[in-house]
Amino acid sequence: MTAALVAEYRKFFSTRLWWVLALVMVGYLALIAGGFALSLSVDTGAEAQPSDFLSPQELATTIYSVTSAIGYVFPLIVGSLAVTSEFRYQTITGSLLVEPRRSVLVIAKLLSSIPMGLAYGMLATLTVVAAGAPVLELAGDGAFLGDGEVIETLVLSVIVMVLWTMMGVAFGTVLTNQVAAIVVVLAFTQLIEPIARVALGAFDATSEISKFLPGAAADALLGSSFFSSFGTGSGPELLPQWGGAIVMVVYILVLAVVGRVTTFRRDIG
Amino acid sequence: MTAPAITIEHLTKRFGDFTAVDDLSFTVAPGRVTGFLGPNGSGKTTTLRMLLGLMQPTSGRAIVGESDYRDIRRPAQLVGAALEASSFHPGRTGLGHLRTLAPQVGVPDSRCHEVLELVGLDTAKKRRVGGYSMGMRQRLGLAASLLGDPSIIILDEPANGLDPQGIAWLRGLLRALAADGRTVLVSSHVLAEVQQSVDDVVVIGSGKLIHASTLTELEQLASRDVLVRTADYQAADRVLREQGWRVDPHLEHHVVHDVDAAEIGAALHRANLEVHQLADHGADLEAVFLRLTESSDAPTSQFVGHGPTAPPVDVAAPPPPPAAPTAGDLS
């Protein structure tokens, strides 16, 4: 397994993808975190100010939580590409020639995504803090970086990003077509899930289901969400923190097992 | 170095209604170079992929020594395979590609540099594979197959995309590998590419075994062609036909089948003919290969027992020009 993990690292770092995606993620999150911090802190003279319903500390936590709420698409894509690029460029052939046990390959990909997710998660969280904190400090009511709850949110953000990376790998094992996987990830994260959460949450009968959507589970684990903070009244309840963690892990395991017994059982040719 | 044999037993692979490999059985003897031949689409790659655990046989089995490839620990140290020249990430360097394989092959990075030097990619190893020519990709695939210093080497169409120098180099490499006592199984749809390198041949068509023998035995199925050019075309025509030989008249020369050049020379000498050219073209294996594979659906037995007198498909001799005058026209 050690050899398989080393191989996965070499695969990851031997193309330009990892730093290109990291750069894009940093740029995107800096813009979002800085922008939101500015728009939520500066008194625009409008009737309803964010500070009317969020305490300064809650506001800071909300800004810091964009790492997962907005940035989770990056670890998902990083994870899925670890699998789909092998199929796209047929390097899967070579990978299975040196290690014919396919479960080993799938597990190595899942495990190797943990440190990768940790790295992307820390980078993303640092970016959000670096872009958001100065704005909150200067234009708002403080950055609250020493605050216990804020620190908890930051640490949980990194953990959630790790889980998203693993989810990306697990998803990639199910949908190995690279283009399709990216399209589905983008469509699901940017469109389908946000709509589904609002739509399902709007009715009592279905609001229970919406809690179990992956994004809602991540928010639950995080304990604070950009979306749920604003989902005043109409927003559905979230699972408890541990529940969110379990739901995410179950998604990862189910997807990986499904991938192993479907696409990873098929002929490679 | 002794290597285990490769055994293919009643191997069958169906894709829906299509039978890609049909009850195929043959063995690859250890320490020899075996050419695995057949037209494109005859099931060579599918057979190799089943042997290497990438595809699941519908029935039958393909084993290395006594084991399934999938059951071998660190298989790349026993079997090195190069399947397709396109299985690389274009954004990875040649060296980077080998480094992704090295840990599971079980070799240090230094071995990557060694094999890159061996295949002549030393100067290109820091370049991205996306910029490699087809020939360079073939060489990189070969390098990957050699990483684990395996005693069995399986190459699928390694000559594809190689220029003539590359093919000559490949022949040398195959011979060198065999000289080490390694077992080499090399597939090709062009017999000539491997003819000079192989000891044994396995010919398949439409997924069925057509012929399996040593190269020498295959050569005995071939007709020998001798080109004869004399000062007097008609006299030569008469002499050659009087002997009862099979003769193909061409514009300015004849091609005589299955007769020793010396015997032909003697006959022409007795007739006092001035010989300008007497060239033994040897066994025309390509013609045999085409003849064997064109009727792929025919049972194997059809080709057993035919001696040198089997009707040849003469493709080596250039066809006469459309308006070729016959000997009679000239008189």
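**Domains, sheets and a kinked helix in a predicted model**

In chain B, the centres of domain 1 and domain 2, taken over C-alpha atoms, are separated by 43 Å. Domain 1 covers residues 6-213 and domain 2 covers 224-283; such bounds come from an automatic or database domain assignment. The model is predicted: local features need pLDDT of at least 70, side-chain atom pairs count only at pLDDT 80 or more, and totals for chains, interfaces and linings use all residues. Residues are numbered from 1 along each chain as its sequence is written, while chains are lettered from A and ligands numbered from 1 in the order in which they are written.

Chain B holds an open sheet of 3 strands in the order 2-1-4, with antiparallel pairing. Strands (E, at least two residues) and helices (H or I, at least four) are DSSP runs, numbered from the N terminus. Strand 2 (18-28) and strand 4 (59-64) are the edge strands, and each pairs on one side only. Neighbouring strands of this sheet are turned by 20° against each other on average, direction ignored. Strand 1 (residues 6-15) of chain B pairs with strand 2 over 7 bridges, in the antiparallel sense; pairing requires that DSSP finds at least two bridges between two strands. B:Lys13 stands opposite B:Val21 of strand 2. Helix 1 (residues 44-51) of chain B lies across strands 1, 2 and 4 and runs at about 115° to strand 1. Axes are lines fitted to C-alpha atoms, for helices over the stretch in contact, and angles run from 0 to 180 degrees between N-to-C directions. Contact means C-beta atoms, placed from the backbone, within 7 Å.

Strand 6 (residues 152-156) of chain B is mostly covered, with 5 of its 5 residues buried. A buried residue has 20 or more other C-beta atoms within 10 Å of its own, these atoms being placed from the backbone. B:Ile152, B:Ile154 and B:Asp156 lie on one side of strand 6, B:Ile153 and B:Leu155 on the other. Strand 5 (residues 79-82) of chain B pairs with strand 6 in the parallel sense over 4 bridges. Here B:Ala82 stands opposite B:Leu155. Strand 6 also pairs with strand 7 (residues 183-188) of chain B, in the parallel sense over 5 bridges.

In chain A, helix 6 (residues 73-88) has a kink of about 40°, centred on A:Ala82. The bend at a residue is the angle between axes fitted to the seven residues ending there and the seven starting there.

Conventions:
Two residues are in contact if their C-beta atoms, placed from the backbone, lie within 7 Å. A residue is buried if 20 or more other C-beta atoms lie within 10 Å of its own, exposed if 12 or fewer, and partly exposed in between; C-beta atoms are placed from the backbone.
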